[in-house]
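Student: Could we go through some ring contacts together and check each label against its rule?
Tutor: Gladly; let's take them one at a time.

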Amino acid sequence: MNTETYRNPILDADWSDPDVVRVGDDFYLTASSFGRAPGLPLLHSRDLVNWTLVGHALERLEPAEEFERPRHDCGVWAPSLRYHDERFWIFWGDPDQGIFQVNAPEIRGPWTRPHLLKAGKGLIDPCPLWDDETGEAYLVHAWAKSRSGIKNRLTGHRMHPDGTELLDEGKVIVDADRIPGWFTLEGPKLYKHDGWYWILAPAGSVETGWQGAFRSRGFFGPYEEKIVLEQKDTDVNGPHQGGWVRTATGEDWFLHFQQRGAYGRVVHLQPMRWSHGGTSRSSEAESGGGWPVLGDDGAPVAEHRRPDLPPQPPAAPATDDDFPGGRYGRQWQWTANPGDGWATQHSGDGLRLTCVRSSDAHDPRKLPSVLTQRLPGAPCTVEVELRLDSDEPGARAGLAVLGDAFGWIGLQRGTDGTAHLVHRFAEAVADAERDAAHPRLAPEGRARLRIEIGAGARCRFSADTGDGFRPSGPVFAATPWRWVGALLGLFAVAPTGQGHAGAATFTRFRISPS
């Protein structure tokens, strides 16, 4: 492995809408978590290339009653992460509720409960700025047309320095309808640099857009703009939306996402420098100063010299899990706010999931009690061992690939008490599952489950019920939700009824490169 360079993506999974901050020699990153809990993942790095997941800032989504059921594309959108007054701050927009804020003295917490800073529909992508020169604080945010009927503009506010309230009604500070060719301006990140207020914001839509830079001598404008990163002749579509960070030695870097279908939004790292050349709607002679230059003269890089930072051992967010004592690792999130007793601790290893009774047992997309993690962006093999500890007819448990469409393989208890290996799927337009293969007897009520995920997120299922792995069903192409990449999930469920329905135990969850 070349230790002098890195290759993109640096985070090859759905770490959507990243933002980054440096505190001392440490870098921290957060990302959208939508309707999953816990939310607001917190990642740490010392070199901007190798990242580990160290926690979450949001234990449960609020209002809690709104997230008792899965809302896969709702919840936490495009957070911003800042460090001010010896505290970490995260602001995010919930398109159905408004703009929230949490803060903490340390990255691992304790984090405050969410504070609703601005209520309203369609308020998304907020970012604060504390201006050390003036003592003023500001907030900028974008708009979701699906909720507000407004898009392609950024609104600015003065904010109380303690982050608890906005001090005015807000003003449109960038109206991209007035900029020829620009559409879907969103995701602003706000900075003060070299006497200018800077807004780094994407436009042009998620899959094919570009990264813009806006600058003004005053926060409320007027702003001039320039495109500073776009696909050009690379294979990195829509390289945009992310954050700028400066190292302790003065190097500038920009992290952003690339939309990759079922894999979601993977994270790239671009070198960044400042240039006094280039063009904008205002001439350089009139406006003075320079513009950020991202990547290779505005095109994303596939490989580049590493940041000038102390070498670090290779690292990545965890995926494997032995579930010691029945506890699951930080990489797992429920598809809604968790209920009491969904996962029970015990003295051994293995994840013991309660077979939660539900009228939606036939459709994992509707279950709040699915424990998920991100689908890896590179070909891999996923394996887990399952034991069905339930005598309830119709109880089932399994390993799933979830998105608008889903496929799962696992065990189900029959009316005669026997356990069967089942493999089921549903198309995106389908309301209920169908068999993907004929059920077969699992006499011990145990199975080793495997999904081999190849190029294009094409999944091949197989299982071992005691006589070796045997393939099951045709290939299944994983699909994303509208804004969220496909997920791997573990679940246990039972039909509606009375009393405890038993449990299922998962052991030795592994993801290995193919």
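Student: What makes arginine 217 a charge over the ring of tryptophan 196?
Tutor: The charged end of arginine 217 is 3.8 Å from the ring centre of tryptophan 196. The rule asks for NZ of Lys or CZ of Arg within 6 Å of the ring centre and within 35 degrees of the ring normal. Arginine 71 likewise lies over the face of phenylalanine 67, at 5.0 Å from the ring centre.

Student: What kind of model is this, and how are residues numbered?
Tutor: This is a predicted model, where local features need pLDDT of at least 70, side-chain atom pairs count only at pLDDT 80 or more, and totals for chains, interfaces and linings use all residues. Residues are numbered from 1 along each chain as its sequence is written, and side-chain values use heavy atoms, with hydrogens and water left out.

Student: How many aromatic pairs are there?
Tutor: The structure holds 26 aromatic pairs.

Student: Why is the pair of tyrosine 28 and phenylalanine 88 called edge-to-face?
Tutor: Rings of Phe, Tyr and Trp (its six-membered ring) pair if their centres lie within 6.5 Å; planes under 30 degrees apart count as stacked, over 60 as edge-to-face and the rest as tilted. Here the centres are 5.3 Å apart and the planes at 85°, so the label is edge-to-face.

Student: Are tyrosine 28 and phenylalanine 88 buried or exposed?
Tutor: Buried means under 20% relative accessible area, exposed over 50%, partly exposed in between (1.4 Å probe, protein chains only). Tyrosine 28 has 10% and phenylalanine 88 has 4%, so both count as buried.
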